[in-house]
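Here is a short note to read beside the model. Keep the structure open and find each residue as it comes up.

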Amino acid sequence: MGILLIYLISQAVYLLKRKYNININFNMDKLSSGASSSIANSAPISIFSYCASSILMTITNKYVLSGFSFNLNFFLLAVQCIVCIVTIGTLKALGIITYREFNRDEAKKWSPIAFLLVAMIYTASKALQFLSIPVYTIFKNLTIILIAYGEVLWFGGKVTSMTLGSFFLMVLSSVLACYGDSNSAKTPDDTLSLYLGYFWMFANCFASASFVLIMRKRIKLTNFKDFDTMYYNNLLSIPILLISSIIFEDWSAENLALNFPATGRTSTVVAMIISGASSVGISYCSAWCVRVTSSTTYSMVGALNKLPIALSGLIFFEAAVNFWSVSSIFVGFVAGLVYAVAKQKQQKEQQAPTLPLSK
């Protein structure tokens with residue numbers, strides 16, 4: 001998030017210089033512009049920013065969903081999207097960022113992405129509500145396998161033997177996490193919650209893979225920039241989420257009192273706003289990371305940062321701590337490292353010059 005802030009500040013300085021015609025040495029202008037462009041197109045910086053924002057997003061959502069007996073998931077997600085639109089709209093009004101004006105034809109083309117985004121974030125919120133953070137983060141690795149084979153079908157990707165080995169480790173870590181969580185279940189209600197969490201988790205894996213792959217394809221067709229993607233994703237998701245909340249969620253006085261108790265109403269609202277603000281970072285950094293890397297790399301980066309996310313769940317929340325749960329975190333992290341090495345070798349092989357077979 002700090003890197004993202006530096007990038008936005010550099011853009012603000014650049015725009016202010018243009019507005020007030022501040023004369024600065026040509027070399028300094030060139031250096032500033034080059035540095036800003038370098039940050040915007042830097043894969044390592046985009047990856048770091050995505051990791052930081054995803055960690056903040058996961059922890060904040062878990063706090064809201066588990067800390068206040070919250071069950072208005074669609075409404076929470078709608079608030080996050082509204083906060084995101086207000087934030088980027090304010091930044092645009094200040095001249096710090098820019099994105100396309102709303103276009104009805106582009107909105108129609110992008111609307112399937114919005115539905116997939118709603119499916120992804122809703123299933124994620126339900127899975128996070130029923131599962132601990134370590135189990136949730138480990139099972140997210142399965143999304144990488146779906147995306148990798150989706151790239152084989154759609155973008156001519158390749159799965160090497162080492163990559164296949166990392167996939168085996170990902171599945172193994174998920175099995176270990178499941179076993180460790182099952183051992184911690186003390187009542188039939190705990191077991192039911194686990195099964196519900198696994199259902200929503202598998203649904204989220206398929207929704208996430210579909211969202212990433214189709215968004216990547218749409219970005220290539222529409223030539224959307226990072227803030228264009230964020231703007232349309234969140235704007236088009238708001239009516240879907242609000243209508244879904246009205247139709248499917250309980251808006252009775254009793255349930256509102258449960259979700260917004262008098263003693264903790266202010267803290268609940270503040271937590272929702274903070275959760276919405278953190279979604280700005282994840283929305284931008286997701287699109288940024290997909291644009292400057294690949295969708296598989298984007299998803300794999302999410303797997304590598306599972307270690308600090310999982311550890312935060314063990315530290316700040318009542319997650320099961322036993323041999324199987326700790327082993328699943330370790331195996332999942334190793335799977336990420338193996339996959340990263342496999343992708344690096346694959347890229348070197350693709351970049352290596354080939355010798356002519358004949359004159």
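1. **A loop residue to start.** Asn103 sits in the loop between H4 and H5. Helices (H or I, at least four residues) and strands (E, at least two) are DSSP runs, numbered from the N terminus. Asn103 is partly exposed, with a relative accessible area of 32%. Here buried means under 20% relative accessible area, exposed means over 50%, and partly exposed lies in between (1.4 Å probe, protein chains only). Along the sequence, Asn103 and Tyr232 are 129 residues apart, yet in space they are 9.7 Å apart, C-alpha to C-alpha.

2. **What kind of model this is.** This is a predicted model, in which local features need pLDDT of at least 70 and side-chain atom pairs count only at pLDDT 80 or more, while totals for chains, interfaces and linings use all residues. Residues are numbered from 1 along each chain as its sequence is written, and side-chain values use heavy atoms, with hydrogens and water left out.

3. **The overall picture.** The protein has 15 helices and zero strands. Of its 359 residues, 48% are buried. Take the contacts (heavy atoms within 4.5 Å) with a separation of 6 or more: 87% of them join residues 24 or more positions apart.

4. **H4 against H10.** Two packed helices are described by the angle between their axes and the distance between the axes. Axes are lines fitted to C-alpha atoms, for helices over the stretch in contact, and angles run from 0 to 180 degrees between N-to-C directions. The axes of H4 (residues 73–93) and H10 (residues 226–248) come within 8 Å and cross at roughly 150°. H4 and H10 are therefore roughly antiparallel. The cut-offs are under 35 degrees for roughly parallel, over 145 for roughly antiparallel, 65 to 115 for roughly perpendicular, and oblique for the rest. H4 passes H10 in a left-handed crossing. Left-handed means that the near helix is turned anticlockwise from the far one by less than a right angle; clockwise is right-handed. By class, this contact of H4 with H10 has 16 nonpolar, four polar and no charged residues. Ala, Val, Leu, Ile, Met, Phe, Trp, Tyr, Cys and Pro count as nonpolar, Asp, Glu, Lys and Arg as charged, and the others, Gly among them, as polar.

5. **Cys81, a residue of H4.** Cys81 is found in helix H4. Is Cys81 buried or exposed? Cys81 is buried, with a relative accessible area of 3%. Leaving out residues up to four places away in sequence, Cys81 touches Asn234, Ser237, Ile238 and Leu241.

6. **H5 against H10.** H5 and H10 pack at an angle of about 70°, with their axes 8 Å apart. That makes H5 roughly perpendicular to H10. The crossing is right-handed. On the H5 side, the contact includes Trp110, Ala114 and Leu117; on the H10 side, it includes Tyr232, Asn233 and Leu236. The residues of this contact divide into 12 nonpolar, four polar and one charged.

7. **H5 against H9.** The axes of H5 (residues 104–130) and H9 (residues 188–222) come within 7 Å and cross at roughly 155°. H5 and H9 are therefore roughly antiparallel to each other. Their crossing is left-handed. The contact of H5 with H9 has 19 nonpolar, seven polar and three charged residues.

8. **The core.** Which residues have the most contacts inside the largest nonpolar core? They are Ile88, Trp110 and Phe211, in a core of 83 residues. A nonpolar core is a set of buried Ala, Val, Leu, Ile, Met, Phe, Trp, Tyr and Cys residues joined through side-chain atoms within 4.5 Å. Beyond its neighbours within four places in sequence, Ile88 is in contact with Ile97, Tyr99, Met230, Tyr231 and Val280.
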